[in-house]
Protein chains: 2
Amino acid sequence: MKTATREQLIDQLNWRYATKQFDADRQIDPADWSTLEEALQLSPSSLGLQLWKFVVVEDPEVREQLKAASWGQSQITDASKLVVLAVKKNITEKDIDAHLQRISEVRGVPVEALAPLREMSVGSVILGKDDAARDVWASRQVYIALGNLLTSAALLGIDACPMEGFSPADYDRILGLEEKGLGSVVVAAIGYRSSQDKYAGLPKVRFPKEEVLLHV
Amino acid sequence: MKTATREQLIDQLNWRYATKQFDADRQIDPADWSTLEEALQLSPSSLGLQLWKFVVVEDPEVREQLKAASWGQSQITDASKLVVLAVKKNITEKDIDAHLQRISEVRGVPVEALAPLREMSVGSVILGKDDAARDVWASRQVYIALGNLLTSAALLGIDACPMEGFSPADYDRILGLEEKGLGSVVVAAIGYRSSQDKYAGLPKVRFPKEEVLLHV
């Protein structure tokens with residue numbers, strides 16, 4: 001059977017936690033990492049526009065610089081992989097057209113046939129939002145990719161720590177994102193928990209189901 | 001083995017798509033739905049604060065009203081389940097304290113022992129953000145839950161359609177969210193694809209891995 005079982009899903013979502021201390025000696029298997037990169041690539045986004053890039057930082061010196069821009073949190077250097085999830089800035093009709101071009105390539109349809117989709121996308125994204133609202137909207141999409149990444153990693157038995165405690169301006173400078181038209185939004189450290197991480201054994205804290213889920 | 005395989009994960013992420021036409025006659029098995037509700041409940045969030053509620057709309061009349069506030073999109077009424085993901089508005093120190101109280105209950109520690117966490121959380125969420133930035137930040141978290149929900153459903157072989165094309169103000173009014181201190185952010189229709197949905201068979205469109213994933 002290709003699908004996961006209910007038990008697998010819930011067990012792995014209960015197993016995961018925001019890992020505070022990674023095992024710096026344990027690396028993610030390349031086939032597993034390739035799978036997580038593919039999972040990221042497959043993340044859903046509004047209108048399928050994928051207004052993002054995922055920056056995988058391997059260089060230890062760059063990691064040290066990022067750590068200094070992240071309140072010195074050890075996950076930044078200790079985790080096997082570090083992903084900076086970045087959003088496209090200054091989104092224009094060109095970004096819509098890049099997506100339509102890709103649809104045309106993948107599905108073998110002429111771009112001209114996508115005119116109704118173009119009109120709808122430009123109307124919603126470009127004309128329908130001012131610059132500030134467009135940035136807010138695009139950054140929200142990045143959190144879909146984050147949610148997908150965290151769940152995907154958990155399903156594979158790989159630990160992760162989502163992190164907002166960093167200086168986006170410093171990250172953008174260190175990684176040269178601004179000249180690429182990108183801005184860092186959120187970070188995920190990915191690897192394996194240290195046996196020393198005292199948070200690993202604590203019961204997960206969630207509000208009761210009947211408080212969080214309302215039924216109408 | 002409890003974890004999913006790499007193939008399961010990628011196959012199911014490739015299998016999923018934003019379902020345009022649901023099979024209105026096919027309902028989600030109650031055990032599957034209970035699992036997805038639990039997956040939602042287990043969604044990660046910044047500092048674990050869970051500043052959200054998930055509104056499951058079953059009432060067909062309410063669904064009809066929501067459909068009228070969603071450009072008439074058929075998913076709103078045809079999908080087996082409809083979830084409105086809502087964020088807490090006007091977040092205050094009381095919301096931090098509700099979380100600390102829950103930690104205290106679940107982990108059996110006195111609230112007083114959580115004073116350092118309280119200081120950190122209040123500093124980050126209340127003092128460190130103005131009202132507008134706090135709303136933006138809280139709404140982003142809801143998209144983690146959305147990403148988790150979409151991936152979880154795909155893993156179970158259940159279809160979903162994430163939807164932003166609706167009037168949040170109308171949704172808030174119809175569902176009585178404002179008086180609960182909530183605001184609708186994004187919607188997920190969940191069920192099974194119709195055999196008539198022409199989008200089901202189209203190749204998935206994603207930018208190439210080497211364009212989306214940068215390595216430093």
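Reply: Strand 1 (residues 52-57) of chain B runs antiparallel to strand 2 (residues 81-88) of chain B, and six bridges join the two; strands here are DSSP runs of E of at least two residues, helices are runs of H or I of at least four, both numbered from the N terminus, and two strands pair if DSSP finds at least two bridges between them. Within this pair, Trp52(B) stands opposite Val87(B). This is a predicted model, in which local features need pLDDT of at least 70 and side-chain atom pairs count only at pLDDT 80 or more, while totals for chains, interfaces and linings use all residues. Residues are numbered from 1 along each chain as its sequence is written, and chains are lettered from A and ligands numbered from 1 in the order in which they are written.

The pair belongs to an open sheet of five strands with mixed pairing, in the order 5(A)-1(B)-2(B)-4(B)-3(B). Its edges are strand 5 (213-215) of chain A and strand 3 (159-163) of chain B, each of which pairs on one side only. From one strand to the next the twist averages 25°. Helix 7 (residues 131-156) of chain B packs on the sheet, where it touches strand 1, strand 2, strand 3 and strand 4 (182-191) of chain B, and its direction makes about 10° with that of strand 4 of chain B; contact means that C-beta atoms, placed from the backbone, lie within 7 Å, and angles run from 0 to 180 degrees between the N-to-C directions of lines fitted to C-alpha atoms, for helices over the stretch in contact.

A pairing between the chains also involves strand 1 (residues 52-57) of chain A, which pairs with strand 5 of chain B in the parallel sense over three bridges, with Val56(A) opposite His215(B).

The contact between the chains takes 66 residues from chain B and 66 residues from chain A. Helix 7 of chain B gives the most to the side of chain B that touches chain A, with 14 residues. By class, that side has 35 nonpolar, 16 polar and 15 charged residues, where Ala, Val, Leu, Ile, Met, Phe, Trp, Tyr, Cys and Pro count as nonpolar, Asp, Glu, Lys and Arg as charged, and the others, Gly among them, as polar. Because 100% of the interface residues of chain B are also interface residues in chain A, the copies meet through the same surface.

Note on methods
Two residues are in contact if their C-beta atoms, placed from the backbone, lie within 7 Å.
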